[in-house]
Amino acid sequence: MTVDLKKYPTIAAYAEKTAEPAWFTELRTKSLEKAVSLALPSFEKIRYQRWPIQLKQPLGEKNSQKNLIEKIDVEQTDNMVVQLGQETLELKISDEMREKGVIVCDWQTALQEHSDLVQKYFMQKAVKTDEDLLTAQHVAYLTSGLFIYVPKNVVLKKALTSYFVQDATVENDYVHHVILVVGENSEFSYLENLKTVGEQATTANIIVEVIAQENSHIKFASVDRLGAKTTAYLNRRGYLEKNAKIDWSMGMMNDGNIVGDFDSDLVGDGSHSEVKIVAISTGRQIQGIDTRVTNIGKHTIGHILQHGVILSRSSLVFNGIGHIIKGAKGSDAQQESRVLMLSNKAKGDANPILLIDDNDVTAGHAASIGRVNQEQLYYLMSRGLPKKIAERLVIIGFLGPVLAAIPSKLIREQLKTTIERKLIDGQKDE
Amino acid sequence: MSTLEVKDLHVSIDGKNILKGVNLKMKTGEIHAIMGPNGTGKSTLSEAIMGHPAYKVTQGEVLLNGENILELPVDERARAGLFLAMQYPAEIPGVTNAEFIRGAINARLPEDKPLSVRDFLKRLDKTMNVLDMTEEMADRYLNEGFSGGEKKRNEILQLMMIKPKFAILDEIDSGLDIDALKVVSRGVNQMRGPEFGSLIITHYQRLLNYIVPDVVHVMMGGRIVKQGGPELAKRLEDEGYAGLRDELGLDIKLVDEEA
């Protein structure tokens, strides 16, 4: 071991207790040392630097009260994972999945039983450990997560659903990592639910890496509903090899301040990323969403469609970044960001950013910020619908184009329900 | 039986006085028609009764069963029993017609006793049949991409499903061909009965051949200037509004009159 663990007694103790492989512990200490010279990442128009977003708590094992999970709606499906805080409460996959060689396991198990695989993919391709201060801190303090590995030539129709419940009944940082590797020619659907129990002020740092190998197709959906007092950094990044495709569908329904950094690197020729995001901000929260697609390979396609709604005194920023690297000939970068404001005190922003370094490409953008159409509201109310219900219908209508473009009907319905719930809660502050 | 009464109603929009003292009284079981030239305030009257926020009532009252409703927001007026079939209904993408109509019906029922989906669909199906509407109209987004005629039918569909006490039909005949006019009239006539009253706003007498009114009001210059039976409508069709104006000795310039 090249790093003297005596300098890091807490990390050493944790490593010993969890029996994590030496390479990983070494990565922690290296990242911690590197962190000193790294800065917070910057995102256009998202000023989060003063938030309590940095991780400060020492690395440690924390248990959660198991019965807290009863507060969360968990829908039983064939393939599912339920985690509360650092612990895994439930993990089951179908015989079909197991027989086809799919690995689904929690973070500690992954490090112990699939150390080589984890080492091969953990912050090697998608996100880098020393990218910025937040990624470095992430490695140093990481305590929970999920590892999913789908071998090549495996086509699975049934999705895997995860529930990651952050335990905010105590003031613990939540540092969570997901790796999803889908092999050549494989198809896989994954639905992630992020939630919070408890009301303590906490910090969450979550990184999700999705590796789509040659000719694979991944449907990645998420419904994020972190709590009002959770300050979160949420990074989801796809690394796409030749002819791979990722369909991202994300519902940002969090109640607290959050920076969402959603990126796709279209590395292989002919790779394709479709990013659909709906977001609702309520109360006084700030949600900053930075969505980037980088066309690196030839004939790659990157599309971003994001619609958001802001209520009360909340803020929502949508950045859409389409970056075409020189040499990415025949590539296409399109994006549309729209924000609907329901209140005079809300703040919204939709910034299209196109960076194009090659000539032989197509690119386009649309962005708008608008208010609720009063004629629509009047019409609905003239049929006896109370104002708040009428508003919700207009909002659902506004989010409609994004919802309609989400491939899975189940996800669409689930998102619609979450949107409805978030709106009802949010309207209470109006 | 319910009553709707408009008393000395003055309404302005963008600071311009449009209605200058309208008086009108009707009961359920009656169909009233308001006729009048363009720009005389007919649509203003309907929007003011319903409660469109752009129309400012500067004087007067609108009484539903003796209670002034002018302080109520539009949704409460609707739940109290008013309905306005609009000339230009809004389009709402993302909300299906059926979903919306069911929501409107349930807004009138106790929260714990909503109309069951099954009963709702049965009624919807039957009503759409009366209006010669195809089934897919139920699943389409509310008015989105509807033709002019489809929108009018859809207004009548809502009227028949919601069953208000009083329905104001604002130029429901405009842009309809004769077949569509017959269908729409069939719908309104089916609603006729002791618990339903309607105020029909129209330019033309034609609609009144299909929905025969009990009372005809003629509006000019922001006031009701004459009342009569169905024969009054026929006379206007023959003589035009200018004839009546001159007979009444009114100093009103008709918008469409040539200088």
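How many residues does the contact take from chain A, and how many from chain B? Colour by chain and select both sides: there are 19 residues from chain A and 21 residues from chain B. One thing to keep in mind throughout is that this is a predicted model.

**Stop 1: the chain A side of the contact**

Stay on the chain A side and pick out α7 (374–381) and α8, each of which supplies at least two residues to the side that touches chain B. The largest share comes from α8(A), with 8 residues.

**Stop 2**

Zoom in on I168(B). Which residues is I168(B) in contact with, leaving aside its neighbours within four places in sequence? The list is S46(B), I49(B), M50(B), L84(B), A85(B), L199(B) and I201(B).

**Stop 3: chain A as a whole**

Chain A comes to 9 helices and 19 strands. Its C-alpha atoms fill a box of roughly 70 × 50 × 50 Å along the principal axes. As for burial, 54% of the 430 residues count as buried. Among contacts in chain A between residues at least 6 apart in sequence, 82% join residues at least 24 apart.

**Stop 4: the annotated spans**

From an unreviewed UniProt entry, residues 72–160 of chain A carry the feature "domain: SUF system FeS cluster assembly SufBD N-terminal". That span is 31% helix and 26% strand, and its end C-alpha atoms lie 18 Å apart.

Move on to residues 172–398 of chain A, which UniProt (unreviewed entry) lists for "domain: SUF system FeS cluster assembly SufBD core". Here you have 9% helix and 61% strand, with the end C-alpha atoms 37 Å apart.

Bring chain B back and select residues 4–246, where UniProt (unreviewed entry) places "domain: ABC transporter". This stretch is 39% helix and 30% strand, and the end C-alpha atoms are 31 Å apart.

**Stop 5: strands in chain A**

Select strand β17 of chain A, residues 332–341. Why is β17 largely enclosed by the rest of the structure? Because 7 of its 10 residues are buried. On one pairing, strand β15 (residues 301–310) of chain A runs parallel to β17(A) over 10 bridges. On another, 10 bridges join β17(A) to strand β19 (residues 362–371) of chain A, again in the parallel sense. Click V339(A) to see how the pairings line up: G308(A) stands opposite V339(A), and V339(A) stands opposite I369(A) in β19(A).

Now jump to G260(A), in strand β12 (residues 258–266) of chain A. G260(A) counts as buried because it has 26 C-beta neighbours inside 10 Å. Draw a distance from G260(A) to L234(A): the two are 26 residues apart in sequence and 4.9 Å apart in space, C-alpha to C-alpha. Beyond its neighbours within four places in sequence, G260(A) is in contact with L234(A), M252(A), Q287(A), G288(A), I289(A) and D290(A).

**Stop 6: two positive phi angles**

Most residues other than glycine have a negative phi. Check N153(A), then, which has a positive phi of about 60° although it is not a glycine. Look for N153(A) in the loop between β4 (144–150) and β5 (160–167) of chain A. In chain B, D132(B) has a positive phi of about 50° and is not a glycine either. You'll find D132(B) in the loop between α4 (117–130) and α5 (136–139) of chain B. N153(A) is partly exposed, with 14 other C-beta atoms within 10 Å, and D132(B) is partly exposed with 14 as well.

Methods. Residues numbered from 1 in each chain as written. Chains lettered and ligands numbered in written order. Predicted model: local features only at pLDDT ≥ 70, side-chain atom pairs only at ≥ 80, totals over all residues. Contact = placed C-beta atoms within 7 Å. UniProt positions renumbered as here; feature names shortened; annotations may be inferred. Helix = DSSP H or I, 4+ residues; strand = E, 2+ residues; numbered from the N terminus. Buried ≥ 20, exposed ≤ 12 C-beta atoms within 10 Å, placed from the backbone. Pairing = 2+ DSSP bridges.
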